[in-house]
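Me: Got a structure to go through with you. Can we take it piece by piece?

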Amino acid sequence: MSWHATILTLFPEMFPGPLGASLAGRALAEGLWRLETADIRAHGLGRHRAVDDTPFGGGAGMVMRPDVTATALAAHRRADDARPFVYLTPRGRLFTQADARRFAAGRGIVLLCGRYEGLDQRAIEATEAEEISIGDYVLSGGEPAALVLLDACLRLLPGVMGAAASAEEESFAEGLLEYPHYTRPAEWEGRAVPPVLLSGDHAAIRAWRRAESERATRERRPDLWDRYRQGRMAGRHADSAASVATA
Ligand code: SAM
(Lines give C-alpha, C1' and ligand atoms only; values in the text may rest on other atoms or scores of the structure.)
Protein backbone atom coordinates (compact mmCIF):
# COMPACT_ATOMS: atom_id res chain seq x y z
CA MET A 1 0.00 0.00 0.00
CA SER A 2 1.40 3.41 -0.97
CA TRP A 3 1.70 6.32 1.46
CA HIS A 4 -1.75 7.87 1.70
CA ALA A 5 -2.44 11.57 2.30
CA THR A 6 -5.98 12.76 2.96
CA ILE A 7 -6.55 16.53 3.00
CA LEU A 8 -9.70 18.03 4.45
CA THR A 9 -10.09 21.46 2.94
CA LEU A 10 -12.53 24.08 1.69
CA PHE A 11 -10.31 24.45 -1.40
CA PRO A 12 -9.66 20.98 -2.88
CA GLU A 13 -8.62 22.63 -6.14
CA MET A 14 -5.39 23.76 -4.44
CA PHE A 15 -4.11 20.15 -4.52
CA PRO A 16 -1.84 18.62 -5.66
CA GLY A 17 -0.73 22.10 -6.77
CA PRO A 18 3.07 22.23 -6.59
CA LEU A 19 3.13 18.61 -5.39
CA GLY A 20 2.05 17.61 -8.90
CA ALA A 21 5.47 18.66 -10.26
CA SER A 22 9.08 17.55 -9.82
CA LEU A 23 9.96 14.73 -7.39
CA ALA A 24 6.61 14.59 -5.59
CA GLY A 25 4.67 14.77 -8.86
CA ARG A 26 6.66 11.97 -10.42
CA ALA A 27 6.22 9.88 -7.28
CA LEU A 28 2.48 10.58 -7.37
CA ALA A 29 2.29 9.48 -11.00
CA GLU A 30 4.27 6.34 -10.15
CA GLY A 31 1.95 5.49 -7.28
CA LEU A 32 4.58 5.89 -4.52
CA TRP A 33 2.03 8.00 -2.68
CA ARG A 34 -1.62 8.82 -3.20
CA LEU A 35 -3.64 11.89 -2.53
CA GLU A 36 -7.26 12.18 -1.52
CA THR A 37 -8.87 15.57 -1.08
CA ALA A 38 -12.04 15.89 0.95
CA ASP A 39 -14.22 18.94 0.40
CA ILE A 40 -15.47 20.05 3.83
CA ARG A 41 -18.18 22.12 2.17
CA ALA A 42 -19.84 18.96 0.87
CA HIS A 43 -20.80 18.38 4.51
CA GLY A 44 -21.99 21.96 5.08
CA LEU A 45 -25.43 22.82 6.40
CA GLY A 46 -28.49 24.04 4.55
CA ARG A 47 -28.94 25.43 1.09
CA HIS A 48 -25.72 27.42 1.36
CA ARG A 49 -23.70 24.52 2.73
CA ALA A 50 -22.58 26.62 5.69
CA VAL A 51 -19.38 25.47 7.35
CA ASP A 52 -18.74 28.41 9.69
CA ASP A 53 -20.52 30.67 12.15
CA THR A 54 -19.92 33.74 14.30
CA PRO A 55 -17.72 33.36 17.40
CA PHE A 56 -19.33 33.02 20.82
CA GLY A 57 -18.13 35.93 22.93
CA GLY A 58 -18.00 38.21 19.93
CA GLY A 59 -15.07 39.40 17.86
CA ALA A 60 -14.12 39.62 14.23
CA GLY A 61 -14.23 36.76 11.76
CA MET A 62 -15.95 33.42 11.60
CA VAL A 63 -15.20 30.04 13.18
CA MET A 64 -15.37 26.62 11.53
CA ARG A 65 -18.24 24.65 13.01
CA PRO A 66 -17.30 21.53 15.01
CA ASP A 67 -20.23 19.44 13.76
CA VAL A 68 -19.55 20.02 10.07
CA THR A 69 -15.82 19.45 10.41
CA ALA A 70 -16.23 16.27 12.47
CA THR A 71 -18.73 14.88 9.95
CA ALA A 72 -16.32 15.58 7.10
CA LEU A 73 -13.51 13.87 9.01
CA ALA A 74 -15.62 10.81 9.86
CA ALA A 75 -16.53 10.42 6.19
CA HIS A 76 -12.87 10.21 5.18
CA ARG A 77 -11.16 8.55 8.13
CA ARG A 78 -12.27 5.14 9.30
CA ALA A 79 -12.25 4.39 13.02
CA ASP A 80 -9.33 1.96 12.58
CA ASP A 81 -7.27 4.41 10.50
CA ALA A 82 -3.77 4.33 12.03
CA ARG A 83 -2.58 7.48 10.24
CA PRO A 84 -1.86 10.56 12.37
CA PHE A 85 -4.51 13.25 12.22
CA VAL A 86 -3.08 16.78 12.13
CA TYR A 87 -4.83 20.12 12.38
CA LEU A 88 -2.64 22.85 10.88
CA THR A 89 -2.73 25.93 13.07
CA PRO A 90 -0.41 28.74 14.16
CA ARG A 91 -1.29 27.67 17.72
CA GLY A 92 0.35 24.30 17.17
CA ARG A 93 3.78 22.95 17.99
CA LEU A 94 6.38 23.94 15.39
CA PHE A 95 6.85 21.40 12.59
CA THR A 96 10.35 19.90 12.47
CA GLN A 97 12.37 17.47 10.38
CA ALA A 98 11.82 14.89 13.13
CA ASP A 99 8.06 15.17 12.51
CA ALA A 100 8.62 14.76 8.78
CA ARG A 101 10.65 11.60 9.44
CA ARG A 102 7.99 10.24 11.83
CA PHE A 103 5.15 10.89 9.38
CA ALA A 104 7.09 9.53 6.40
CA ALA A 105 7.80 6.31 8.31
CA GLY A 106 4.06 5.67 8.79
CA ARG A 107 1.27 4.80 6.39
CA GLY A 108 0.35 8.36 5.57
CA ILE A 109 -1.38 11.32 7.16
CA VAL A 110 -4.75 13.04 7.48
CA LEU A 111 -4.49 16.85 7.38
CA LEU A 112 -7.16 19.37 8.27
CA CYS A 113 -6.74 22.82 6.74
CA GLY A 114 -8.39 25.64 8.65
CA ARG A 115 -9.85 28.85 7.25
CA TYR A 116 -11.42 31.96 8.80
CA GLU A 117 -10.37 32.29 12.47
CA GLY A 118 -9.84 28.55 12.69
CA LEU A 119 -11.67 25.54 14.06
CA ASP A 120 -13.99 25.35 17.09
CA GLN A 121 -11.83 24.14 20.02
CA ARG A 122 -14.23 21.29 20.86
CA ALA A 123 -13.66 19.63 17.50
CA ILE A 124 -9.89 19.78 18.02
CA GLU A 125 -10.28 18.08 21.39
CA ALA A 126 -12.92 15.53 20.35
CA THR A 127 -10.89 14.34 17.36
CA GLU A 128 -7.61 14.32 19.36
CA ALA A 129 -5.96 16.25 16.55
CA GLU A 130 -2.24 16.83 16.70
CA GLU A 131 -1.88 20.62 16.34
CA ILE A 132 1.05 21.65 14.15
CA SER A 133 2.27 25.04 12.95
CA ILE A 134 4.71 25.52 10.09
CA GLY A 135 6.09 28.77 11.50
CA ASP A 136 5.49 31.86 13.56
CA TYR A 137 3.37 33.74 11.06
CA VAL A 138 -0.29 33.65 10.04
CA LEU A 139 -1.38 32.27 6.67
CA SER A 140 -4.86 32.85 5.30
CA GLY A 141 -5.52 29.11 5.30
CA GLY A 142 -4.05 25.73 6.16
CA GLU A 143 -3.60 24.67 2.52
CA PRO A 144 -0.14 26.18 1.95
CA ALA A 145 0.90 24.73 5.32
CA ALA A 146 -0.35 21.29 4.22
CA LEU A 147 1.68 21.55 1.00
CA VAL A 148 4.80 22.44 2.97
CA LEU A 149 4.33 19.61 5.48
CA LEU A 150 3.60 17.08 2.73
CA ASP A 151 6.59 18.16 0.66
CA ALA A 152 8.91 17.58 3.63
CA CYS A 153 7.44 14.09 4.19
CA LEU A 154 7.19 12.96 0.57
CA ARG A 155 10.85 13.50 -0.27
CA LEU A 156 11.72 11.07 2.55
CA LEU A 157 9.57 8.23 1.18
CA PRO A 158 11.58 5.31 -0.23
CA GLY A 159 12.19 5.80 -3.95
CA VAL A 160 11.13 9.45 -4.15
CA MET A 161 14.50 11.22 -4.05
CA GLY A 162 16.51 8.52 -5.77
CA ALA A 163 20.21 7.96 -5.23
CA ALA A 164 21.28 11.49 -6.19
CA ALA A 165 20.14 13.21 -3.05
CA SER A 166 20.94 12.21 0.46
CA ALA A 167 18.68 12.99 3.39
CA GLU A 168 21.39 11.91 5.79
CA GLU A 169 23.66 14.93 5.41
CA GLU A 170 20.98 17.57 5.07
CA SER A 171 20.17 20.38 7.43
CA PHE A 172 18.60 19.14 10.68
CA ALA A 173 19.56 15.50 10.04
CA GLU A 174 21.74 15.68 13.14
CA GLY A 175 20.34 18.83 14.63
CA LEU A 176 22.74 21.02 12.64
CA LEU A 177 22.36 23.25 9.57
CA GLU A 178 24.08 21.91 6.49
CA TYR A 179 27.55 23.01 5.31
CA PRO A 180 27.75 25.30 2.22
CA HIS A 181 27.92 23.86 -1.29
CA TYR A 182 30.17 24.75 -4.24
CA THR A 183 30.36 23.63 -7.87
CA ARG A 184 32.20 24.62 -11.08
CA PRO A 185 33.83 26.96 -11.92
CA ALA A 186 36.49 26.64 -9.21
CA GLU A 187 36.96 30.40 -9.42
CA TRP A 188 34.09 32.76 -10.20
CA GLU A 189 34.25 36.55 -10.31
CA GLY A 190 37.34 36.54 -8.09
CA ARG A 191 35.83 34.12 -5.58
CA ALA A 192 37.64 30.81 -5.12
CA VAL A 193 36.16 27.57 -3.81
CA PRO A 194 37.62 26.65 -0.38
CA PRO A 195 40.88 24.82 -1.29
CA VAL A 196 40.15 21.82 0.96
CA LEU A 197 37.27 20.85 -1.33
CA LEU A 198 39.73 20.47 -4.24
CA SER A 199 42.28 18.55 -2.17
CA GLY A 200 40.89 15.07 -2.67
CA ASP A 201 41.51 14.45 1.04
CA HIS A 202 38.17 12.96 2.08
CA ALA A 203 38.85 13.02 5.82
CA ALA A 204 39.83 16.70 5.64
CA ILE A 205 36.74 17.49 3.57
CA ARG A 206 34.52 15.70 6.11
CA ALA A 207 36.11 17.63 8.98
CA TRP A 208 35.79 20.97 7.14
CA ARG A 209 32.13 20.31 6.36
CA ARG A 210 31.39 19.36 9.95
CA ALA A 211 33.12 22.50 11.22
CA GLU A 212 31.15 24.67 8.74
CA SER A 213 27.89 23.00 9.81
CA GLU A 214 28.64 23.72 13.43
CA ARG A 215 29.70 27.30 12.71
CA ALA A 216 26.57 28.08 10.68
CA THR A 217 24.34 26.59 13.36
CA ARG A 218 26.10 28.48 16.15
CA GLU A 219 25.91 31.81 14.30
CA ARG A 220 22.45 31.51 12.74
CA ARG A 221 20.45 29.32 15.07
CA PRO A 222 21.49 29.59 18.71
CA ASP A 223 18.39 27.58 19.67
CA LEU A 224 19.51 24.57 17.59
CA TRP A 225 23.11 25.06 18.67
CA ASP A 226 22.22 24.89 22.37
CA ARG A 227 20.31 21.67 21.83
CA TYR A 228 23.14 20.22 19.74
CA ARG A 229 25.71 21.09 22.38
CA GLN A 230 23.65 19.45 25.07
CA GLY A 231 23.53 16.31 22.90
CA ARG A 232 27.27 16.51 22.36
CA MET A 233 27.91 16.75 26.08
CA ALA A 234 25.72 13.69 26.51
CA GLY A 235 27.93 11.92 23.93
CA ARG A 236 25.39 11.73 21.13
CA HIS A 237 27.59 13.38 18.43
CA ALA A 238 30.93 11.60 18.62
CA ASP A 239 32.35 13.12 15.41
CA SER A 240 31.79 16.82 16.10
CA ALA A 241 34.57 19.03 14.73
CA ALA A 242 37.42 19.18 17.21
CA SER A 243 38.36 22.58 15.81
CA VAL A 244 35.14 24.21 16.90
CA ALA A 245 35.38 25.69 20.34
CA THR A 246 32.35 25.43 22.53
CA ALA A 247 30.71 28.81 22.26
N1 SAM B 1 -7.03 33.18 14.16
C2 SAM B 1 -5.95 32.27 13.99
C3 SAM B 1 -4.80 32.63 14.94
O4 SAM B 1 -4.58 33.82 15.17
O5 SAM B 1 -4.14 31.70 15.45
C6 SAM B 1 -5.42 32.32 12.54
C7 SAM B 1 -6.34 31.69 11.57
S8 SAM B 1 -5.68 31.66 9.94
C9 SAM B 1 -6.23 33.17 9.28
C10 SAM B 1 -6.68 30.47 9.13
C11 SAM B 1 -6.09 29.07 9.06
O12 SAM B 1 -4.85 29.10 8.40
C13 SAM B 1 -5.80 28.40 10.38
O14 SAM B 1 -6.95 27.80 10.93
C15 SAM B 1 -4.79 27.35 9.99
O16 SAM B 1 -5.39 26.18 9.49
C17 SAM B 1 -4.04 28.04 8.85
N18 SAM B 1 -2.74 28.59 9.27
C19 SAM B 1 -2.42 29.89 9.37
N20 SAM B 1 -1.15 30.06 9.75
C21 SAM B 1 -0.63 28.82 9.93
C22 SAM B 1 0.64 28.34 10.35
N23 SAM B 1 1.62 29.16 10.66
N24 SAM B 1 0.82 27.01 10.40
C25 SAM B 1 -0.17 26.16 10.10
N26 SAM B 1 -1.41 26.56 9.71
C27 SAM B 1 -1.64 27.88 9.61
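Me: Where does P16 lie?
Reply: P16 lies in the loop between strand 1 (3–9) and helix 1 (22–29). Helices (H or I, at least four residues) and strands (E, at least two) are DSSP runs, numbered from the N terminus. The model is predicted: local features need pLDDT of at least 70, side-chain atom pairs count only at pLDDT 80 or more, and totals for chains, interfaces and linings use all residues. Residues are numbered from 1 along each chain as its sequence is written, and side-chain values use heavy atoms, with hydrogens and water left out.

Me: And the peptide bond from F15 to P16, cis or trans?
Reply: That bond from F15 to P16 is cis, with omega near 0°. A cis peptide bond also joins R184 and P185, with omega about 0°. P185 is in the loop between helix 5 (143–154) and strand 8 (187–188).

Me: What pLDDT does the chain average?
Reply: The average is 94, and 94% of the residues score at least 70. Over residues 242–247 the pLDDT is below 50, and that stretch has 11 contacts in the model beyond near neighbours in sequence. pLDDT is the predictor's confidence in each residue, from 0 to 100. Contact means heavy atoms within 4.5 Å.

Me: Which lining residues are closest to its centre?
Reply: T96, F172, G175, L224 and R227, out of 20 residues that line the largest pocket.

Me: Which helix gives the most to that lining?
Reply: Helix 7, with five residues. Helix 3 (97–105) and helix 7 (222–233) each supply at least two.

Me: How many of the lining residues are nonpolar, polar and charged?
Reply: Eight nonpolar, six polar and six charged. Ala, Val, Leu, Ile, Met, Phe, Trp, Tyr, Cys and Pro count as nonpolar, Asp, Glu, Lys and Arg as charged, and the others, Gly among them, as polar.

Me: Why does the largest pocket lie between domain 1 and domain 2?
Reply: Because domain 1 (3–154) and domain 2 (169–246) both give residues to its lining. Their centres, taken over C-alpha atoms, are 36 Å apart. The domain bounds come from an automatic or database domain assignment.

Me: Now M62. Where is it?
Reply: M62 is in the loop between strand 3 (52–53) and strand 4 (63–64). M62 counts as partly exposed, at 28% relative accessibility. Buried means under 20% relative accessible area, exposed over 50%, partly exposed in between (1.4 Å probe, protein chains only).

Me: What is M62 in contact with?
Reply: Leaving aside neighbours within four places in sequence, D52, D53, T54, Y116, E117 and G118.

Me: Tell me about Y116, then.
Reply: Y116 has a positive phi of about 55° although it is not a glycine. Y116 is found in the loop between strand 6 (108–113) and helix 4 (121–126), and is partly exposed at 38%.

Me: And E128, buried or exposed?
Reply: E128 is exposed, with a relative accessible area of 68%. Phi of E128 is near 55°, a positive value in a residue other than glycine.

How values were computed: 1 Å grid on protein atoms, 1.4 Å probe; cavity = no way out; pocket = protein on both sides within 12 Å on 5 of 7 lines; lining within 4 Å.
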